[in-house]
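Open the model in your viewer and keep the selection tool ready. We will go from stop to stop.

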2 protein chains.
Amino acid sequence: MLTNVEIAEDGRTVELSWSGGKRGRFHAIWLRDNALDDKTRSPGNGQRLITILDIPAETWIDQATIEHGELRLRFLPEGKDVTFPSAWLSANSYDRQAPDTAGWTGETIRRWTKATMQDTLPLAGYAAAARHPAVLAGWLAAVRSYGFAVMDGLPTESGALCKVVDLFGYIRETNYGRWFEVRAEVNPSNLAYTNLGLQAHTDNPYRDPVPTLQVLACIENTVEGGESSVVDGFAVAAALQAENPEGFRLLSSCPARFEYAGSSGVRLQSKRPMIELGPDGELIAIRFNNRSLAATTDVPFADMEAYYAAYRRFAELIEDPAFEVTFKLEPGQAFIVDNTRVMHARKAFSGTGRRWLQGCYADKDGLLSTLAAIEHGFREAAE
Amino acid sequence: MLTNVEIAEDGRTVELSWSGGKRGRFHAIWLRDNALDDKTRSPGNGQRLITILDIPAETWIDQATIEHGELRLRFLPEGKDVTFPSAWLSANSYDRQAPDTAGWTGETIRRWTKATMQDTLPLAGYAAAARHPAVLAGWLAAVRSYGFAVMDGLPTESGALCKVVDLFGYIRETNYGRWFEVRAEVNPSNLAYTNLGLQAHTDNPYRDPVPTLQVLACIENTVEGGESSVVDGFAVAAALQAENPEGFRLLSSCPARFEYAGSSGVRLQSKRPMIELGPDGELIAIRFNNRSLAATTDVPFADMEAYYAAYRRFAELIEDPAFEVTFKLEPGQAFIVDNTRVMHARKAFSGTGRRWLQGCYADKDGLLSTLAAIEHGFREAAE
C-alpha cells in the first residue's frame with residue numbers, strides 16, 4: 001500500500017513509498033503517458049487512445065496526494081487529474097538496478113539438467129488438458145518454465161498432433177506443410193527423414209522468424225532405437241558462460257548463418273547468433289543445428305579460431321549426458337519444445353519395425369497468451 | 001579467379017589471392033567445417049552430414065594448391081583432400097573490416113522517403129504475378145528492397161487477400177483468424193475496427209515473434225478519407241540517429257513492452273526494443289505502436305527522460321510528411337508491408353459510404369525463399 005508521495009525536481013518526478021519500505025521514483029512524462037483514465041486508454045479494449053505527441057513535451061506534476069491508497073496526480077499544463085492504483089505502480093516500478101551481467105533469464109524460466117528433469121517429465125493427458133483449464137494451464141506453464149512438456153492420450157492417427165496446438169494457439173504453416181511426416185524415406189529432402197541419429201538441435205534456424213514451438217507426435221514406434229532426447233539450451237549456455245565467458249560473448253555477439261535448399265522452390269537463409277541476447281543482456285534464444293549451419297562470415301578474422309573453439313565446446317556440452325533427458329515416444333504420445341531454447345535429438349534406429357512420427361510448428365505468442373488468460377481468469381475468480 | 005595460395009601460421013590459415021587484387025585469409029578449421037564434398041554435405045539436400053565434434057580440434061592444412069582455378073587442400077590429421085571453387089571462396093570471404101557504426105543495413109535494403117517513393121510505388125497486377133515468375137520476382141524484390149509494394153487486379157471478394165500470400169508463402173494465423181475484417185464496428189475489440197485515424201504503426205508488436213509481413217486488401221471504399229499511408233521505419237531511424245545518436249542508442253538498447261488484451265481469452269505481451277539491432281549492429285526491426293505500448297520498465301531511471309525525448313522525436317519524424325507516402329486503396333487493390341520495417345497508417349474517414357478492407361499476416365522467410373529460388377532458377381538458366 002502506498003504510504004507517502006513527494007514531488008521532486010520541480011514536478012518532473014515523484015518519489016513514492018509503500019508500506020514495507022519499498023520506494024520508487026517515477027517521471028511525470030512516464031506517468032502521464034501511462035495514465036489509466038478512459039480518455040487515455042479505451043475502457044473497452046485497453047488500447048491507448050493518444051499518441052506521445054498528444055502530451056506536452058514539458059509536462060510536470062503540480063499536485064500529488066494519496067487517497068484511499070491510490071496515487072492522485074494533477075498534470076500541468078494539461079490540468080489533468082489522474083489516479084493510479086498502488087499495486088499497479090508497484091508492479092511497474094522501474095527505479096531499480098539493471099542486471100549487469102549478460103545471459104540472465106526472467107523469473108518464469110527454470111533451467112534444468114538430466115538430474116533435475118529425467119524422473120519428473122512434465123506430462124498431461126490430452127483429454128484432461130482439453131477439458132480442464134487448470135490442467136491445461138499447468139501443462140502450458142511447464143512449457144513456459146522448462147521449454148518442454150509431454151502429452152499422452154492422443155489418437156494414434158494422422159494429424160492428431162494438430163489437436164495439441166489447438167489447445168493453445170495456431171499452427172505455423174511452412175514449406176513443409178501444416179504438419180510433416182518424420183519417417184525414413186528414400187532420397188530424403190531432409191536428413192530428419194532418414195534413420196540416422198540426429199545431433200541435438202533446434203529446428204529451422206534458417207527461418208526468420210524461427211518457429212518458436214515444435215510438436216512431435218508418435219503414431220507408431222516398433223523400431224530398435226529411435227529414442228528422443230531433449231537438452232535445455234539455456235542451461236548449456238549458462239555452463240558455457242561459466243567456464244568460458246569470452247566464448248559465450250563470441251557466440252552471442254557474432255551472427256551465424258543458416259540455410260536450407262533441400263527441395264525445389266525453397267532457398268531459406270537466415271543470419272542470427274547461436275546464442276541470442278536481448279539488448280539488456282537477457283538470454284532469449286538458442287539456435288543450434290549442424291545440418292543447416294552455413295559458412296560463418298560475420299566473425300572477425302582475428303576471433304574466428306576462438307569462435308570455433310567456443311562452438312565446439314558448446315557442442316560438447318550439448319552432447320554431455322548430464323544435460324540430456326531421454327525417453328521413447330509411444331504411440332499416442334507427443335512432446336512439445338520451445339524451439340528457441342530446448343534442443344531435441346534422435347538416436348539412430350534399425351531398419352526393422354516402423355517408426356512414424358509427425359511434426360508441426362506453432363508459436364509461443366499464442367501459448368503464452370492462452371496461459372496468461374487462464375491465469376488471469378483464475379485470479380479474477382479468486383478475488 | 002584464384003591466382004595464389006600460401007599456407008601460413010603452420011597450416012592454421014591460408015592466404016588467397018584472386019585476379020583483380022582481392023586477397024583473403026581463411027582458417028583451416030573453418031575450411032574443414034565448410035568442406036563441400038559428399039562426405040561432409042549431402043549431395044541430395046545440401047545438409048551437413050557431420051558435426052563439429054567429428055572434426056579434430058587440431059586441424060591444419062598440409063598442402064594447398066590451385067588447380068583449374070579451384071583451391072585444393074589436404075587437411076591433417078584426417079588426411080582429407082577437398083576442393084573449393086574460386087567463386088565460393090570469394091563470396092564467403094570473412095577477412096574484412098567489420099562495420100563499426102550501429103544501424104547499418106545490407107545491400108538489398110533501399111531506404112526511401114516521400115520524395116523518392118510517392119510517384120514510383122512498386123506495383124504488379126495479380127494475374128501477371130501469378131503467371132510470370134519474372135513479374136513475381138520483381139514484386140517480391142521490391143518488398144525485399146523497400147519493405148512495401150502494391151498489387152492490383154485482385155477479385156473484390158472476401159478472402160482474396162490470401163491469394164497474394166499464396167504467391168510466395170504461408171499465412172500466419174493468429175487470434176484474429178487467418179484473415180480479419182477491417183471495418184468500423186460498434187464496441188470494437190481493436191481500434192483498427194473504428195473510423196478513427198490511426199498513427200503510423202507496425203502491427204502486433206505485442207506478439208513474439210511478430211508477424212513479419214502484413215497484407216491489407218480493399219473490397220469496397222466509398223468513404224471520404226480513409227487513405228492509407230506508409231512510412232519507411234529504417235529511413236526514419238536513420239534520420240533519428242543522424243540528429244540524436246544518443247536517442248537512437250536508447251531506443252535500440254532498452255527494451256520496450258507491448259501488450260494486447262482486448263478480447264476474451266487473449267493476453268499477449270512482448271518485450272522488445274522499438275529499434276532492434278542485430279549483435280553486429282545491423283538494423284533489423286522497428287516496432288512502433290502507440291495503442292499497444294505498455295509501461296516502459298526496462299529503461300534505467302536516469303535515462304528515462306532522454307528515452308522519452310527520443311521516443312517523442314521518433315514519433316515526430318514518423319509523422320513528418322516528408323517520410324509519408326499516401327494512397328487510397330481501390331477495390332481490388334492490396335498492399336503488403338514488411339511489418340518489421342515499414343509502418344502503415346490510416347486517415348480518419350466519414351460515416352457515409354463503406355470502407356471494407358481485410359488484413360492478414362504472413363512471414364518473410366517464405367517470401368525471401370521464394371524470391372531466392374526464382375532468382376537462382378534464372379541464374380541457372382542463364383549459365
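A salt bridge is a side-chain nitrogen of Lys or Arg within 4 Å of a carboxyl oxygen of Asp or Glu. This is a predicted model, where local features need pLDDT of at least 70 and side-chain atom pairs 80 or more, while totals for chains, interfaces and linings use all residues. Residues are numbered from 1 along each chain as its sequence is written, chains are lettered from A in the order written, and side-chain values use heavy atoms, without hydrogens or water.

**Stop one.** Select B:D95 and B:R25. They form a salt bridge, with the closest N and O atoms 2.9 Å apart. B:D95 sits in the loop between α2 (86–91) and α3 (114–117) of chain B and B:R25 in strand β3 (residues 23–27), so the pair ties together parts 70 residues apart in sequence. Helices (H or I, at least four residues) and strands (E, at least two) are DSSP runs, numbered from the N terminus.

**Stop two.** Now select A:D232 and A:R341. Buried or exposed, what is A:D232? A:D232 is buried, at 0% relative accessibility. A:R341 is buried too, at 1%. Buried means under 20% relative accessible area, exposed over 50%, partly exposed in between (1.4 Å probe, protein chains only). A:D232 and A:R341 form a salt bridge, their closest N and O atoms 2.9 Å apart.

**Stop three.** Go to A:C218. Its sulfur is 15 Å from the closest cysteine sulfur, in A:C360, too far for a bond. The structure holds zero disulfides over all chains; a disulfide is a pair of cysteine sulfur atoms within 2.5 Å.
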